[in-house]
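Me: I am new to this structure and would like to learn how to read it. Please take me through its features one at a time.

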Amino acid sequence: MIKDIEKKFVEGNLKFKWKIMQDLESIKIRKNFPKYPVLILTCMDPRININEIFQLNSGDVFVLRNAGNIYTIDVLRSILLTIFKYKVKYVIILGHLDCGMLKINLTELRQKLPSKFLSSLSKNYTDLLPKLRDFFKPILDEIQNIKEQIKSLEKIKDFYPEIEITGMLYDIKTGLVFEYEKFKDYRDIEDFKTSYKGIIINKKHQFTEFLGKIEEENVTIDDSNDLSQEKALNEGKSFTIAEIKEEHKNISILGQKESKEYDREIIHMIIPKIKVPKIKFHGVKIYIPKNYNNKKEIVN
Ligand SMILES: [Zn+2]
């Protein structure tokens, strides 16, 4: 019942208010301008947590979401407003692997959707499938979809040539994000899949480079699941980035013996004496996404 949900949420809100009064919580976002002049168009999939993925804070960027991160007239409406009113300069289409929009079966929809809705789309039964496709906009391929959405969005440049648009691909299982440059030359997701090993090795180098950037800082490995790390922590031992890098070499392809071992290890890097409260990296696991092996459902 929606009343139960409403009750739960209102109680949550009262808890929030109570925490504010106790100085345990505060209304953090006071500005209506985001920190970065960025708008991210992404999928409504609940596994996508923009703040978490990019280590942002609430209010740092504009986020628009819909099923399949699709460019629509309503998306255009919002984007134009953010450009005009909030000086947004950059738009990112963030697609993701294992998108539910790949699994949309129009024939099934035609069978299961209320007839009232179907007849609102078309009175002609034979005409329904193209109408449903047009309405739900199922996608056939995550890579192609990002490219198509960028292409559609590029039309904005007719009005605002200074706006820059790019795409990103989020791998829900590893938490890794791939830049457009890294996948734009792949024809489709199958092509991406074939090259996945190389892509991940490239990401590993990127990660190692990132570690190099903060080389001077001492880090402490903190992982309550790993006894050796826990022991080190109890002893107050600090690890250097070089040591973390050494650990990082263990990254392996799923299916190899040591990958399971590595799977249990999650490297948490805590950089002391820095205002950033805690920087954590989960271990990077290389794998070939399962869904790649599944046959794609046919979209009629
Ligand atoms: Zn999705």
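Me: What share of the residues in the protein chain is buried?

Reply: This is a predicted model, and in it buried residues account for 38% of the 300 residues in the protein chain. The chain exposes about 19200 Å², of which carbon and sulfur atoms supply 55%.

Me: How many helices and strands does the protein chain have?

Reply: The protein chain has 13 helices and eight strands. One of the helices is helix 1, residues 2-21, whose 20 residues reach 28 Å from the first C-alpha to the last, close to the 28 Å expected at 1.5 Å a residue.

Me: Which residues touch the most other members of the largest nonpolar core?

Reply: The general idea is that in soluble globular proteins, nonpolar side chains tend to be buried together. Here the largest nonpolar core has 30 residues, and Ile79, Leu153, Leu169, Phe178, Phe183 and Phe192 touch the most other members. Leaving aside residues up to four places away in sequence, Ile79 touches Leu39, Leu64, Val91, Leu153 and Ile156. A second, separate core of 26 residues includes Cys43, Leu56, Ile104 and Leu129.

Me: Which residues coordinate the zinc ion?

Reply: Cys43 (SG), His96 (NE2) and Cys99 (SG) coordinate the zinc ion, at 2.0 to 2.3 Å. The spacing of these donor residues in sequence is C-x52-H-x2-C. Cys43 lies in strand 1 (residues 38-43) and Cys99 in the loop between strand 3 (90-96) and helix 4 (106-112), so the pair ties together parts that are 56 residues apart in sequence.

Me: Are Cys43 and Cys99 buried or exposed?

Reply: Cys43 counts as buried because its relative accessibility is 4%, under the 20% limit. Cys99 also counts as buried, at 2% relative accessibility.

Me: What is the phi of Lys137, and where is Lys137 found?

Reply: The phi of Lys137 is positive too, near 50 degrees. Lys137 is found in the loop between helix 6 (128-136) and helix 7 (142-153). Its relative accessible area is 32%, so Lys137 is partly exposed.

Key. Residues numbered from 1 in each chain as written. Predicted model: local features only at pLDDT ≥ 70, side-chain atom pairs only at ≥ 80, totals over all residues. Heavy atoms only, no water. Donors = N, O, S within 2.8 Å, 3.2 Å for Na, K, Ca; no water. Helix = DSSP H or I, 4+ residues; strand = E, 2+ residues; numbered from the N terminus. Buried < 20%, exposed > 50% of the residue type's maximum accessible area, 1.4 Å probe, protein only. Areas by Shrake-Rupley, 256 points an atom, 1.4 Å probe, with all protein chains shown as cover. Core = buried A, V, L, I, M, F, W, Y, C linked by side-chain atoms within 4.5 Å. Contact = heavy atoms within 4.5 Å. Expected span 1.5 Å × (residues − 1).
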